[in-house]
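Please keep the sequence and the structure in view while reading.

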Amino acid sequence: ITGPLSPDQVYSEGQPYSFFLTKVHGIESQYNQVSVMDIKDILSPIMGTLQASCQFNYMFEIPWLIKQYPEQFRSKPLLLVHGFTAGNKTALEIEATKYSNIKFCQARLEMIYGTHHTKMMILLYEEGMRVVIHTSNLVEKDWYQKTQGMWISPLFPKLKKEENKSNYSRGDSPTNFKKDLLDYIGSYKAYQLKDWQQHIADHDMSSAKVIIIGSSPGRHMGENKHKFGHMRLRKVLNTHGPQKDFVKSWPVIGQYSSIGSLGATKDVWLATEFLQSLATVEGSSCVPLASIDLKLIFPTKDNVRCSLEGYPAGASIPYSINVAKKQTYLHSYFHHWISKGRGRSRAMPHIKSYCRPSPSSQEVAWFLVTSANLSKAAWGALEKKGSQLMIRSYELGVLFLPKFFGSKKSIPVSSDINDTDKLLLPYDLPLKPYQKEDRPWIWDIAYKELPDCNGNMWCPS
Ligand SMILES: CC(C)c1cccc2c(O)c(C(=O)O)cnc12
């Protein structure tokens with residue numbers, strides 16, 4: 001049994017994928033070592049000497065957040081990028097009053113029902129810059145007993161002075177990470193982000209191996225139709241995806257912590273437009289969809305009841321009865337949340353991830369970790385005979401493709417923490433389908449038959 005490794009050691013052991021889960025309190029320590037980082041590890045001085053940071057997120061507890069930074073970094077400039085308006089915006093600004101180093105950028109949300117879901121840290125150091133794209137709100141409960149995911153970038157060195165900094169493409173990676181990140185941030189059209197766009201332009205990001213998959217609110221048409229959302233994923237898989245014959249019988253897995261209104265039948269969006277993108281293979285995205293097995297992972301009410309947090313875990317799994325009752329066809333796609341390999345079967349998922357595993361579960365053709373739940377608001381819905389993609393929310397994720405990790409065909413995966421040379425998945429494969437008596441967690445109905453692990457029932461008002 002290895003003793004606690006320092007953050008930089010955990011980080012380097014997690015290469016080349018650099019995909020980490022957050023620390024879960026209350027499980028055996030062995031499950032909090034390999035490929036696990038806590039927020040204090042990410043912000044540790046061992047990872048870099050912080051000069052300033054920018055936190056994109058949905059929920060913030062500012063006093064708690066400041067305490068996650070090491071003492072010597074707590075007064076460094078901090079920009080919070082949020083989607084709040086009116087009272088919520090005022091409340092956030094009041095919470096920050098005593099912190100003179102905190103500034104705000106309110107992301108414009110012109111599409112009704114849109115939210116700023118994106119979770120990203122941009123950390124500017126004396127030694128360079130680091131980007132973290134993840135799934136946790138900046139509130140204590142999101143970092144306590146949930147399964148959350150993070151991609152942590154390498155330390156990106158500052159570009160030398162002489163090269164002209166004007167063209168953004170310098171210091172980019174084979175995956176166009178820098179350009180795509182700048183395009184994403186540019187979509188906010190916010191003057192408060194200008195300095196951070198320049199910081200990104202000033203750094204050498206050639207070591208980034210992942211592909212940015214973002215969503216930005218709006219109606220995207222023409223050459224912008226494939227810039228964001230599921231059409232972005234479709235375009236990327238069409239260009240860099242698996243070969244048709246190689247993945248013919250491979251299923252697609254979606255895993256998330258909330259579900260939107262997807263339509264009265266599977267053919268409205270889920271098993272047509274959305275699956276078409278997830279199932280896209282190199283050179284063609286027209287794959288007979290009936291042949292593709294879509295598997296969805298979503299916690300059952302018993303998964304939540306028996307979780308470390310008990311029913312209160314369900315307060316972060318907002319699937320409402322009014323939406324669920326209109327789409328019972330989803331039940332045939334559902335699978336349990338089981339994560340024995342990572343010691344997280346009782347740490348409810350707030351991570352969102354998608355992948356295309358082999359039938360043997362030994363490898364994936366690709367893996368995506370993102371803020372995007374299973375919703376049209378996050379991924380977009382085609383309109384006007386497919387000529388434009390309407391997206392309501394900001395989302396951000398990173399896609400792992402074999403070709404950028406030195407493999408032609410696939411990425412070896414495992415959920416066994418001893419397989420340190422593989423991409424460690426957040427859940428167990430193969431998946432366990434819902435049985436007849438299983439019910440998805442629904443957050444706005446009462447559960448009074450069986451108490452949770454703390455002896456409490458669930459009686460939402
Ligand atoms: C339905 C809304 C208000 C909601 C409830 C509970 C948890 C939420 C959450 O975790 C996110 C997020 O992480 O972006 C976003 N909305 C969440």
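Thr-280 counts as buried because its relative accessibility is 0%, below the 20% cut-off. The model is predicted, with a mean pLDDT of 96 for the protein chain and 97% of its residues at 70 or more. For the complex, the predictor gives an ipTM of 0.99 and a pTM of 0.98.

**Thr-280 and helix H8**

- Thr-280 sits in the loop between H8 and strand E13 (294-297).
- Its side chain reaches back to the backbone oxygen of Gln-276, at 2.8 Å.
- Gln-276 is one of the buried residues of H8.
- Helix H8 (residues 270-278) is mostly covered, with 8 of its 9 residues buried; among them are Leu-270, Phe-274 and Leu-278.
- Between Thr-280 and Gly-455 there are 46 Å in space, C-alpha to C-alpha, and the two are 175 residues apart in sequence.

**Nonpolar cores**

- The largest nonpolar core has 110 residues, and Leu-270 and Phe-400 touch the most other members.
- Strand E17 (residues 363-370) gives the most to this core, namely 6 residues.
- Leaving out residues up to four places away in sequence, Phe-400 touches several aromatic residues, among them Tyr-17, Phe-19, Trp-151, Trp-366, Phe-367 and Phe-405. Phe-400 also touches Val-210, Val-369 and Ile-411.

**The sheet of 8 strands**

- Strands pair through backbone hydrogen bonds, either parallel or antiparallel.
- In this open sheet the pairing is mixed, and the 8 strands follow the order E2-E1-E9-E7-E6-E3-E4-E5.
- Strand E2 (36-37) and strand E5 (102-106) are the edge strands, each pairing on one side only.
- E5 runs parallel to strand E4 (residues 78-82), and 5 bridges join the two.
- Within this pair, His-82 has Gln-106 in E5 as its bridge partner.
- Helix H6 (residues 194-201) lies across strand E3 (50-56), E4, strand E6 (120-125) and strand E7 (129-134). H6 runs at about 65° to E6.

**The sheet of 3 strands**

- E11-E19-E18 is the order of an open sheet of 3 strands with antiparallel pairing.
- Neighbouring strands here are turned against each other by 35° on average, direction ignored.
- Three-bridge pairing is seen between E18 and strand E19 (residues 388-391), in the antiparallel sense; there, Ala-381 stands opposite Met-390 in E19.

**Backbone geometry to check**

- Gln-15 and Pro-16 are joined by a cis peptide bond, with omega near 5°. Pro-16 is in the loop between helix H1 (7-13) and strand E1 (19-22).
- The bond from Leu-429 to Pro-430 is also cis, with omega about -5°; Pro-430 lies in the segment after strand E22 (423-424).
- Ala-86 is not a glycine, yet its phi is positive, at about 45°. Ala-86 belongs to helix H4 (residues 86-95) and counts as exposed because its relative accessibility is 60%, above the 50% cut-off.
- Lys-189 has a positive phi as well, near 50°. Lys-189 is in the loop between helix H5 (177-186) and H6, and at 68% relative accessibility it counts as exposed.

Conventions: Residues numbered from 1 in each chain as written. Predicted model: local features only at pLDDT ≥ 70, side-chain atom pairs only at ≥ 80, totals over all residues. Heavy atoms only, no water. Pairing = 2+ DSSP bridges. Helix = DSSP H or I, 4+ residues; strand = E, 2+ residues; numbered from the N terminus. Contact = heavy atoms within 4.5 Å. Axes fitted to C-alpha atoms, helices over the stretch in contact; angles between N-to-C directions. pLDDT = per-residue confidence, 0-100. Buried < 20%, exposed > 50% of the residue type's maximum accessible area, 1.4 Å probe, protein only. Polar contact = N/O pair within 3.5 Å; in protein donor to acceptor, adjacent residues only side chain to side chain. Core = buried A, V, L, I, M, F, W, Y, C linked by side-chain atoms within 4.5 Å.
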